[in-house]
Amino acid sequence: MIKKVLILSLILITLSCKSIKISESENRTTIDYSINLNDRSNDTFKITIDVTNLTKENAIFQFAATAPGTYKVMDIGRFVSNFNAFDANNGSLPVKKISVNQYELSAPQKTVKITYEIAETFDSKIKENTVYLMCGTSIENDHALINGQAVFGYFKGKQAAPIRVKIEYPNHWKIGTALKKDNQGRYLAKNYDEIVDSPILLGELNVASSKVGNTDIDVFTFSQNKIVNSNEILSSMEEILVAADKFLYGLPVDRYTFLFFFDNKDAGAWEHSYSSGYVLRENKWSVMEQFVKNTAAHEFFHIVTPLNIHSEIIEQFNFVKPVPSKHLWLYEATTEWAANTMLFRSDQISLEEYFELLHRKVDASQFFDSDYSLEKLSLNSYSNEGQEQYVNIYHRGALTMGLLDIKLLELSNGKKGLRELVNELIQKYGPSKPFKEDTFYDEIVSMSNPEIKIFIDNYIIGAKPLPLKEIYKKIGVNFIEQVIDTTKSQTGLRYYLTEKGFIILKCSEEASKIGFKEGDIIKTVNNKAFDENTISDIKKMWSLLNPNDTYSISIIRNGNTINLDGMMFPKVTNYVFEIDSKATQEAKALFKIWSKSL
């Protein structure tokens, strides 16, 4: 999700929507939603639902408590107002709100229409359980962003019912979504899961389209100040898609839609089965391109997991009380590994840049609980404790998948790495066949090598320290814990920007001896304010200093200002990956296979 705190591309999974066979009788129970975007007053979406054949079993109307892959409580019912029910004569029927996300109809058999308003999440003043922007909604004079779970609800017992959506919007607006339309212009979803899985972006959009292999690609872009356009985005996305096509021996989807929302907000991305949505701070494309490409590579690769490879637990999502799958490592960690590896093997990033990615992941993983295994993280992802560890799925998780890839290649004499295993799983399962939650580990072992069970037990189920040095040695790559360069200098401080200013996140042992502490707020450096406007100049000044040179610095600690004499220290680089000049011929041969271009 972007930093400030942008969780790497949320970067978040959406659970795939499965094909549901609809009988003649079920077709008659299609639920029709209407959204009036011509009336955008009060920053609310005005919703009308036309429905027939409700029974007493359908008396509860449910709004989403969460959404697939966010691993976060949203309680969308908090945004709802003016919820009303009507009979065939347009007579009002009593409705009772029975929980934050549920309304109870007094006479479901007589109910033919529901109306309600639901506030946009972007501008709503919610302090607890806020909704990620890329998973939320916005409604303004020049655009509307709809994520299904934040606008639509469903009747109990009707989660699998087909849905039609009619949207009224200004004539000059364009609309982007992966949903298909019927001959009356209504958007179709097989069920509630699919409407949640299919975001909709409307407004003053620019559009570009292409085809990669057998897959139709569409890019819809809302750029608040008209700085970014879809054609330049598409040009970059095509490089990723061509690489994915080769990585997967053909893309397993017939269409894919990118929805980009550029404004003044830092947020992130949310992937879906046939689309992905991005809420990013607007800037020149040349400045954002590599970051967006890295993010989009991750999001797009979710067409594999969970669309084509997913557990029975998430076959139909529980929007009332979601049940976590212990295989989050597969959905997110494997996807992050694959996205980075795909960029490297398609020559979109160099080996040095790939090693830098690995370095950053090892470094970032140090800020999380080393005893928290990937499986434990998966099973606790909805809890506050699990949320504190969640982002490590993209760090330790991706590193673990990289090790698994090398281990698989070693055990198969270079014939079968994680890429090949993933493609076999796609062929075995696909969108409509889930795997068994409790036996999937055994299946991975049976499809690879008995030694993989030890790897899973140690590094996925368990939380043993990752054998980075040992396993990367097998492909002729050294992993070095620490490199000291006495010709270059550094402050020994790691800091990040908050509303209070730049806070010291971590300080070296040497910096601690001078008097720095974690949590200190940097106020001035050499009597110059330390803020977003001056940080570039101050960092440049630091770069010109030698080890043991000093500078003045003031920090705020517990509300008090403290003046210190800062000092530059020899530059220390932790967690370095580099080619082993003394690698064996066997290791060099495996490296050649591991790094082979797509």
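Student: What should I know before I start?

Tutor: This is a predicted model, in which local features need pLDDT of at least 70 and side-chain atom pairs count only at pLDDT 80 or more, while totals for chains, interfaces and linings use all residues. Residues are numbered from 1 along each chain as its sequence is written, and side-chain values use heavy atoms, with hydrogens and water left out. Helices (H or I, at least four residues) and strands (E, at least two) are DSSP runs, numbered from the N terminus.

Student: At what angle do helices H5 and H9 pack?

Tutor: Two packed helices are described by the angle between their axes and the distance between the axes. Axes are lines fitted to C-alpha atoms, for helices over the stretch in contact, and angles run from 0 to 180 degrees between N-to-C directions. Here H5 (residues 328-345) and H9 (residues 396-411) pack at about 65°, with axes 8 Å apart. That makes H5 roughly perpendicular to H9; the cut-offs are under 35 degrees for roughly parallel, over 145 for roughly antiparallel, 65 to 115 for roughly perpendicular, and oblique for the rest.

Student: Which residues of H5 and H9 meet?

Tutor: Contact means heavy atoms within 4.5 Å. On the H5 side, the residues include Trp-329, Ala-333 and Trp-337, and on the H9 side they include Gly-397, Met-401 and Asp-405. By class, this contact of H5 with H9 has 5 nonpolar, 3 polar and 3 charged residues. In that scheme, Ala, Val, Leu, Ile, Met, Phe, Trp, Tyr, Cys and Pro count as nonpolar, Asp, Glu, Lys and Arg as charged, and the others, Gly among them, as polar.

Student: How does H9 pack with H10?

Tutor: H9 and H10 (residues 418-428) have an angle of about 95° and axes 8 Å apart. That makes H9 roughly perpendicular to H10. Met-401, Leu-404, Asp-405 and Leu-408 of H9 meet Leu-418, Arg-419 and Leu-421 of H10. The contact of H9 with H10 has 5 nonpolar, no polar and 2 charged residues.

Student: Is H5 roughly parallel or antiparallel to H6?

Tutor: H5 and H6 (residues 351-365) pack at about 160°, with their axes 9 Å apart. That makes H5 roughly antiparallel to H6. The contact involves Glu-336, Trp-337, Asn-340, Thr-341 and Phe-344 of H5, and Leu-351, Tyr-354, Leu-357 and Lys-361 of H6.

Student: Which residues of H12 are buried?

Tutor: Buried means under 20% relative accessible area, exposed over 50%, and partly exposed in between (1.4 Å probe, protein chains only). In H12 (residues 451-461), Ile-452, Phe-455, Ile-456, Asn-458, Tyr-459 and Ile-460 are buried. Their cover includes H5, H7 (374-379), H9, H11 (440-446) and H13 (468-473).

Student: Now for strands. How many bridges join E17 to E18?

Tutor: Two strands pair if DSSP finds at least two bridges between them. E17 (residues 206-212) is joined to E18 by 7 bridges, and the two run antiparallel. Asn-206 stands opposite Thr-221 in E18. The two strands form a hairpin with 2 residues between them, and Gly-213 in the turn has a positive phi of about 60°.

Student: In what sense does E18 pair with E19?

Tutor: E18 and E19 (residues 255-263) pair in the parallel sense over 8 bridges, with Phe-220 opposite Leu-259 in E19. In E18 (residues 215-223), 7 of the 9 residues are buried, so the strand is largely enclosed by the rest of the structure.
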